Amino acid sequence: MKHIISALVQNKPGVLAHVAGMFAARAFNIDSLAVGRTDDPAMSRMTIVVVGDDKVVEQVRKQLAKIIDVVKIQDFSGREVIARDLMLICVHISPEKRPEILALVEMFKAKVVDIGQKFVMVEVAGPEEKIESFIEACRPYGIKNMVRTGTVAMGRFDRPGAADNQ
Amino acid sequence: MKKNPSQDSSHQSPSDLPIKTGAEIIVATLIEQGVEIIFGYPGGVVLPLFDKLYDAPIRFIIPRHEQGGCHMADGYARASGKVGVVITTSGPGACNLTTGIANAMMDSVPIVALTGQVRTELIGNDAFQEADTTGVTRPITKHNMIVKDVKDLQQSIREAFYIAKTGRPGPVLIDVPVDIEVAKCQMQPLKEINLAGYKPQQKGHLRQIKMAAEAINKSDKPVVYVGGGVVSADAAEELRALAQKANLPVTMTLLGLGSYDQRRPESLDMLGMHGTAYANFAVQECDLLIAVGARFDDRVTGKVKTFAPDAKIIHIDIDPSSISKNVAVDIPVVGDAKFILTELAKEVRHKERKEWFDKIADWKNRFPLRYDTKSTNIKPQYVIEQICEAAKSEAIIVTGVGQHQMWTAQFYKHTKPRHFITSGGLGTMGFGLPAAIGAQAAKPDALVIDIDGDSSFNMTLTEVSTAVQYELPVKVCIINNGYMGMVRQWQELFYNKRYSKSYLKNPEFAAVAQALGAVGITVEKKSEVKNAIAKMLNEKKPCVVDFKVEREENVWPMVATGKSLHEMDGLDIFESMA
């Protein structure tokens with residue numbers, strides 16, 4: 001099962017390597033890891049999607065907490081969250097078929113960000129399932145290239161049981 | 001702590017504080033942190049620092065190899081309860097520390113390692129003697145950091161000591177580029193350390209403690225299972241008070257040995273793979289297991305699924321990540337063992353538990369640790385018993401890793417905390433001698449005996465000259481069976497006696513010791529054992545005694561890999577010797 005964990009970490013060199021290394025050393029399975037600065041330039045936020053049962057996720061949480069440069073951890077398991085991925089995808093498409101892809105873009109509330117003679121580049125943001133569906137919809141045309149950020153997430157406001165972990 | 005300039009300066013306003021070089025700041029901060037002894041080895045990029053150490057009021061001990069220096073800092077820390085400090089140069093100096101750092105990490109020993117680094121602008125250029133030290137040591141340190149601005153240097157060192165010794169202790173490494181050692185900046189006043197991501201919980205949750213006490217009061221068949229955490233928390237006295245008030249039998253892990261006086265009747269001695277039958281049976285039959293500062297290591301639990309199958313488990317530990325890591329815990333209590341055991345003792349009542357203690361007494365009667373005392377050969381267990389008797393259980397005992405280590409755990413009666421120093425988690429052969437030197441440096445008046453294996457000793461015996469140079473009169477007793485004994489035992493039991501590469505042609509250790517400036521004694525007959533030990537104890541110099549013991553003796557009992565704790569091999573051998 002997938003779990004989303006969010007970690008507030010010191011924005012220092014080596015912290016990402018430490019977190020990633022810990023996951024490898026303890027044989028935890030990461031599905032995705034997204035990192036970026038926060039409003040406080042001294043802090044970064046990591047959103048980590050791990051695969052495992054509750055016991056594994058509990059260990060992940062504790063082992064993360066043990067890293068000195070990890071300041072705060074939220075485990076979104078069992079909580080309602082807003083989770084989003086961002087994807088850029090380059091789809092092979094001949095000019096005469098452009099309307100088809102534009103219809104898809106419209107349907108998915110995506111955005112065409114670049115266009116070439118044989119390709120269009122589309123930006124898609126949203127929940128993981130939406131991203132997956134868009135990929136499947138594009139597959140028949142031929143996907144030249146794609147890149148994803150990995151999930152970022154925040155807990156919804158004021159839900160029962162929404163207490164922070166740690 | 002000693003009075004010193006930097007401490008006095010903490011009363012001054014920051015602007016009055018002197019401007020110093022990075023190297024001077026390092027020395028002043030080490031003194032401020034109470035450092036009296038440093039182990040280390042010089043080299044190119046730490047020359048500015050070593051220049052300032054030249055006339056610093058700190059004893060400096062140079063090992064023959066940086067690994068030895070790190071084990072010395074480790075032995076020093078375990079014997080004294082203080083933070084051990086080791087300093088090396090960049091590249092090879094730093095890399096040679098890794099085994100020692102990993103060893104300290106696994107056994108939760110507070111060490112601060114200071115390593116030099118190439119100039120900041122050369123980092124990443126494959127410069128001479130450059131290694132990515134923080135990268136290499138990240139998974140084997142509690143924390144590490146590279147200082148890239150001299151303004152951060154002093155606070156980084158203070159944080160390193162704070163992190164190393166608080167919470168679950170461990171090694172911290174600070175990497176200092178050589179340009180930072182010569183850069184100048186103003187000293188900073190001492191202030192309270194506040195790390196956003198590091199707030200070790202000291203006090204246990206009182207409600208959890210109450211629940212634990214209720215479980216203890218209810219239990220008919222309890223066992224306390226004690227690990228190294230009780231030693232590092234200096235909580236042996238609190239443990240004794242609890243066990244005696246509530247009337248609880250106590251078993252210890254390898255690292256827990258010394259935390260409970262083994263001469264007392266409640267002691268079940270060591271549990272686990274080579275633990276006593278009575279400890280392992282008691283754990284398997286208990287209705288309540290009270291784990292204190294222990295981490296349910298695989299060498300302790302045997303097959304996890306069938307470990308203490310009927311027991312409710314209380315786990316007292318300062319490290320939340322140890323709880324429910326290997327074994328599901330019913331009542332976790334996170335915090336300092338000293339605090340929690342004190343609070344727990346207030347809540348527990350005495351309970352007789354006659355049936356349980358009778359059963360334990362019966363196991364103790366039927367399955368004591370045995371060896372063939374009638375043998376005319378020198379039995380390793382006999383040597384260890386004789387050492388114990390001659391030292392009256394008062395010595396600081398250090399070991400290497402292997403059979404001799406297990407026999408020392410089994411046949412030496414451990415009575416005091418910080419008097420048994422051994423490499424538990426990492427199982428580092430070669431740990432014994434350098435760790436003994438570190439312990440002797442910490443406790444100059446104590447009798448420090450390294451009970452070592454021939455192969456373990458062979459790995460770091462060059463450090464005999466360190467002991468000689470610094471007049472640290474460690475005693476080394478080599479349990480010399482001419483094999484890597486534990487490897488040979490496994491090959492005998494599980495690989496059809498094919499002794500593949502487990503034999504070394506040893507030198508005459510006594511002659512080597514003499515050549516290195518120590519006293520060397522060889523013992524080949526059982527009748528000479530007592531005299532040799534007496535002679536060794538009278539020696540004022542470092543002394544190596546080479547006991548040529550029975551070659552193919554095995555450590556019993558033994559819980560083979562994958563077996564449950566009560567499924568011990570070797571009990572029939574004990575019975576045949578009764």
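**A walk through chains A and B**

Strand 17 of chain B, residues 448–453, is largely enclosed by the rest of the structure, because six of its six residues are buried. The model is a predicted one. A residue counts as buried here if 20 or more other C-beta atoms lie within 10 Å of its own.

Look at the two faces of this strand. In a regular strand, side chains alternate between the two faces of the sheet. On one side of strand 17 of chain B sit V448(B), D450(B) and D452(B). On the other sit I449(B), I451(B) and G453(B). Both faces are covered, and all of these residues are buried.

Which strands pair with strand 17 of chain B? One is strand 15 of chain B, residues 396–399. Four bridges join strand 15 of chain B to strand 17 of chain B, and the two run parallel. Within this pairing, V398(B) has D450(B) as its bridge partner. Another is strand 18 of chain B, residues 475–480. Strand 17 of chain B and strand 18 of chain B also run parallel, joined by five bridges. Here I449(B) stands opposite K475(B).

Now step back to chain B as a whole. Chain B is divided into domain 1 (5–186), domain 2 (206–366) and domain 3 (380–556). Domain 1 and domain 2 of chain B have C-alpha centres 37 Å apart. Their contact takes six residues from domain 1 of chain B and six residues from domain 2 of chain B. What kinds of residue does domain 1 of chain B bring to this contact? The side touching domain 2 of chain B has one nonpolar, three polar and two charged residues.

Chain A comes next. Chain A has 166 residues, and buried residues make up 29% of them. Its C-alpha trace spans about 55 × 35 × 30 Å along the principal axes. There are four helices and nine strands in chain A. Along the sequence they follow the pattern β-α-β-β-α-β-β-α-β-β-α-β-β. How far apart in sequence are the residues that touch? Take the contacts in chain A between residues at least 6 apart in sequence: 74% of these join residues at least 24 apart.

Four strands of chain A form an open sheet. Their order is 2-3-1-4, and the pairing is antiparallel. At the edges are strand 2 (29–37) and strand 4 (70–75) of chain A, each pairing on one side only. From one strand to the next, the twist averages 20 degrees. Strand 1 of chain A, residues 2–10, pairs with strand 4 of chain A over five bridges, in the antiparallel sense.

Helix 1 of chain A, residues 15–25, lies across strand 1, strand 2 and strand 3 (43–51) of chain A. Helix 1 of chain A runs at about 170 degrees to strand 2 of chain A. Helix 2 of chain A, residues 54–66, lies across strand 1, strand 3 and strand 4 of chain A. Helix 2 of chain A runs at about 160 degrees to strand 4 of chain A.

Finally, see where the chains meet. How many residues does each chain give to the contact? Chain B gives 14 residues and chain A gives 16 residues. On the side of chain B that touches chain A, six residues are nonpolar, six are polar and two are charged.

Key:
Residues are numbered from 1 along each chain as its sequence is written. Chains are lettered from A and ligands numbered from 1 in the order in which they are written. This is a predicted model: local features need pLDDT of at least 70, side-chain atom pairs count only at pLDDT 80 or more; totals for chains, interfaces and linings use all residues. Two residues are in contact if their C-beta atoms, placed from the backbone, lie within 7 Å. Ala, Val, Leu, Ile, Met, Phe, Trp, Tyr, Cys and Pro count as nonpolar, Asp, Glu, Lys and Arg as charged, and the others, Gly among them, as polar. A residue is buried if 20 or more other C-beta atoms lie within 10 Å of its own, exposed if 12 or fewer, and partly exposed in between; C-beta atoms are placed from the backbone. Two strands pair if DSSP finds at least two bridges between them. Axes are lines fitted to C-alpha atoms, for helices over the stretch in contact, and angles run from 0 to 180 degrees between N-to-C directions. Domain bounds come from an automatic or database domain assignment.
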